[in-house]
Amino acid sequence: MEREQDNIICNREDFQGSRTAGPTIGGNVSITPEVSEDDNVDATITCNWPTSQIPSDDDEKAKRSSDWSTLTQWIQFMCVVTFDLNLGQALEFIYPKAEIPTEQELTNICYMAFPDSNSGCMGDTKFHMRLRMSPDTSRIIKAQQFRCYNSDCPPALKADQSHYWGFVYFRQRRDANLPRGYFQKSFIIVTRLPYFNLFYEMLTHLAQKYFDEGEDVLIRACHQINNEWPKLQVGGSFNLPLFEQCYQILVPRASSRKCGQQNDGSENKTLGKEVRPVSVKVIASVNEVELFHSLSFIVDHMYTLWELVLTAEPLVVVGTSPADCSHMVQTLVQLIAPLAYCAEARPYFTIHDSEFKEFTRECGKIPPPLILGVTNPFFIKLLKDWPHMLRLVDNQLNMQRQQHLSIKNIRNASSVTSLNSSNVLKSNNGNTSLNGNNSEGSAPGLYTKYKPFLKKDKSLIKKVLLGLKTKRPEHVQTALLRRHLLELTQSFMIPLERYMASLMPLQKDISPFKSAPNANAFKLDDFLATLELSGPHLTSPLKGDWKGLYRRFYNSPNFRGWYESRHRELQLTLQDLQLQALSEANLEQWAQDKQEVEIIDMILKLKQKLNLYNDKLTNEPSSWSGNNGNTAIATRDQIRAQINCMKDLLPNDLKNVVNI
C-alpha cells in the first residue's frame, strides 16, 4: 500500500517508553517507539547536530559579522532541518554560528519542523510555532535589548522575552532517487517578534531561493539584514531590503499619547548601494492575520470562542495540517485584541515537545489555561477530558465543498457543535463522545458544554453569511469581523479601565515630603456595583449576564496580566507626580526648622530620585518626547536646583565630611 507521508503517529505507551532517556544533540540519540517491522511508520526521529555541516566563515566575513546586534533584533537565526533515513529529523544547517541555541531548543525545533501526522502534506506547507527558551543568564541579558521597544509598542507586537517564534517552510515531494522515496526538508526562521505577515513573506521568498540556490542564500540574507536593516524601534515606518525585494512596514505605538520621533528613513541609506530592489511589498499590518480565513466555517460560534479566549479556557485545536492549526490558534488569540492574551498559546504542538507532560496532564486533573494546535490524532484520545475542543475542516482551501458534503452525515449529531444547512455551527446538548470514534465526533466544529454568558449578535452573523453567499472578498469579511470584535472587546474593557482610573489617589494626597502613595486595591464587588450606571450594555448591542462574565474573567490570567500592567502604570504615574511636587516645593522654607542631619537625608533622597529619573530618561527616550519630554527635562533640572539649594544650607566642612 502506497503511503503519502512517513511522519510519526504513536500511542501514549510507546511515547512514554521512548521519552525516558531524553534526546541529545550531537549524540545521535534516537526516539524509537516500539513498532513492528511490518508497521508502515518510520519511528526514528533524531535531532543530530553535525558540527562539520555548520558553515565556517572566512576571515573577512567573520570580521564583518562579529556583531550581530541588528540581526538579532529582527531574527535570531535561520536553520534547515532534513530527514535522514538513518538519523531521523536532523539539523542540517544553522546560521549565524554566534546565535546557536541550546541543545533542548534545537531538539524542539527539529521535532516540530515536520508535520506530526500522516496528513499527506505534499508540496510546500507554511506554518509557525512557539518555543520556550531555555533559562540562560546570558540570554536574559541579551533580551534586555527589547526593553525600550516593549515599553512603547502595543501588547500584540511585543518581543517575547521567554519564547522563540519559529516560521517553517516544509517541502515534501516524491523522489524516486532517494532511498525513502520522498524529499523532506524544512527551512526555518527563528525570531522573538510576532510579525506574522512580515516573516511569512520573508519565509516564502528565502525558502524558494534556498531550495534553488543552496545555503549561501541564507548567509547572504543574514549579512544583508545585519548591515542594511535599521535598528528596531517603535513609531516608525521601515524599508527592509532583502535581495531584489523590499518590505515596507509600520510599527505603531501603544498609545497616541506617545508622539515619539518617527523614523525618517535615515537609517536606510544603505538601501540601493549593493542591490536595488526590483519590487516593493507594502505590508499594511505586520501581525494581523486574516480572521475570516479560519472563522468562516464556525462564524455562528464566534461569540462562544471570544468568551473562551477572554477567560483563558483550555482549548485544543485539532486539524490535519499545521498550517491550518497555527493560523486558527493565532486567530483565536486575536479575537480579544487589543487586550493581550496572557495565558499559554502554542500554534503548533507535537508529542515530542519538551513541555508535553506539562501541558497534557493525566485525565481527571484540571487542564492548564492553554490553547494548543495539534495535528496528531493521538491528542484527541489523550485530551478527551479537556472541556473545549475545536476540530477544523479538513483542508481549508476546500472548506465550502466539504461543509456541503458533511451536512447529511452530521445533521443528527446530538452532543456536539455541528454544521447545519446554513454553513454555520449549531450547538446541541448530549453525551456523545469527543474522542473521534464515531462520525459525529470526527466532524468539524466546536465540541463544548460551555454556556455563553452573552447572546450572539444575529444581525452581524447574517451579514457575514450574506457576504459568504455573494462571494464578498475575504479581506472585506475579515475587516467586518475585526471591527466588530474590537468594539466588543472595548465595550468589555471600558468599565474596567474607568474603575481602574478611580483607584488613583487624589492629588491632595501626594506630598513632596512623603513617599508616593499606592494605588487603591481592585475590589470585584465594588467594580460590579458600577456596572448598573456605566456597564458594557451602554456601548454593546449584546445582551446577557455581563456580571457573570466579569467574574469569570476576574479569575483568569488575562485579568491578572491586564491588572498588573495597569497597576504598574498607576504606580509610575504616582511616582512622577510625587517627584514633580518635590521639584516645585519650597524646600528652603521647609529646612528652616530642620536639623542638619534631616537636610542631608533630604539631599540623599533627592539624588536617589534624580538618578532613577535619569535612568528612565536614558532607557526610554521615546516615551519622553514632545511636551511630555519637555516636562520631564524641566522636572529633572528643578530637582538638580533643589539639591544645590539644600547644599547651600550646609556648612562647608559638613559638605566635605558627607561627600555631597
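Author: R346 has a relative accessible area of 0% and is therefore buried; buried stands for under 20% relative accessible area, exposed for over 50%, and partly exposed for what lies in between, with a 1.4 Å probe and protein chains only. The model is a predicted one, in which local features need pLDDT of at least 70 and side-chain atom pairs count only at pLDDT 80 or more, while totals for chains, interfaces and linings use all residues. Numbering runs from 1 along each chain as its sequence is written, and side-chain values use heavy atoms, with hydrogens and water left out.

The side chain of R346 meets that of E344 in a salt bridge, at 3.3 Å from N to O. The term salt bridge requires a side-chain nitrogen of Lys or Arg within 4 Å of a carboxyl oxygen of Asp or Glu. E344 also counts as buried, because its relative accessibility is 14%. Both residues belong to a network of salt bridges, which links R130, R132, D160, E344, R346, D353, E355 and E358. Over the whole structure, a search finds 27 salt bridges.

Another of these pairs is E92 with K185, whose side chains meet at 3.1 Å, N to O. The pair joins distant parts of the chain: E92 sits in strand β4 (residues 88-95) and K185 in strand β7 (residues 182-191), 93 residues apart. Here helices (H or I, at least four residues) and strands (E, at least two) are DSSP runs, numbered from the N terminus. E92 and K185 are both buried.

The pair of R640 and D637 has its closest N and O atoms 3.8 Å apart. Both residues lie in helix α23 (residues 626-648), three residues apart, or about one turn of the helix. R640 counts as partly exposed because its relative accessibility is 38%, and D637 is partly exposed at 38% as well.

With 59% relative accessibility, K458 counts as exposed. D300 is 158 residues from K458 in sequence, and the two are 8.5 Å apart in space, C-alpha to C-alpha.

The loops come next. K471 lies in the loop between α15 and α16 (474-502). Its phi is near 60°, a positive value in a residue other than glycine, and K471 is exposed, with a relative accessible area of 73%. A312 also has a positive phi, about 55°, although it is not a glycine. The loop that holds A312 runs between α10 (302-310) and β11 (315-318), and A312 counts as buried because its relative accessibility is 5%. Y95 is joined to P96 by a cis bond with omega about 0°, and P96 is in the loop between β4 and α4 (103-111). A337 and P338 are joined by another, with omega about 10°; P338 lies in the loop between α11 (322-334) and β12 (344-346).

The nonpolar side of the fold gives the setting. A nonpolar core is a set of buried Ala, Val, Leu, Ile, Met, Phe, Trp, Tyr and Cys residues joined through side-chain atoms within 4.5 Å. The largest such core has 71 residues, and those with the most contacts inside it are M78, Y149, F187, Y195, M202, L206 and I249. Helix α7 supplies the largest share of this core, ten residues. A second, separate core of 65 residues includes L295, L308, V317 and L460. Not counting residues up to four places away in sequence, M202 touches I189, I225, W229, L242 and Y247, a contact being heavy atoms within 4.5 Å.

Finally, the chain as a whole. It comes to 24 helices and 17 strands, and buried residues make up 53% of its 660 residues. Of the contacts with a separation of 6 or more, 75% are between residues 24 or more positions apart.
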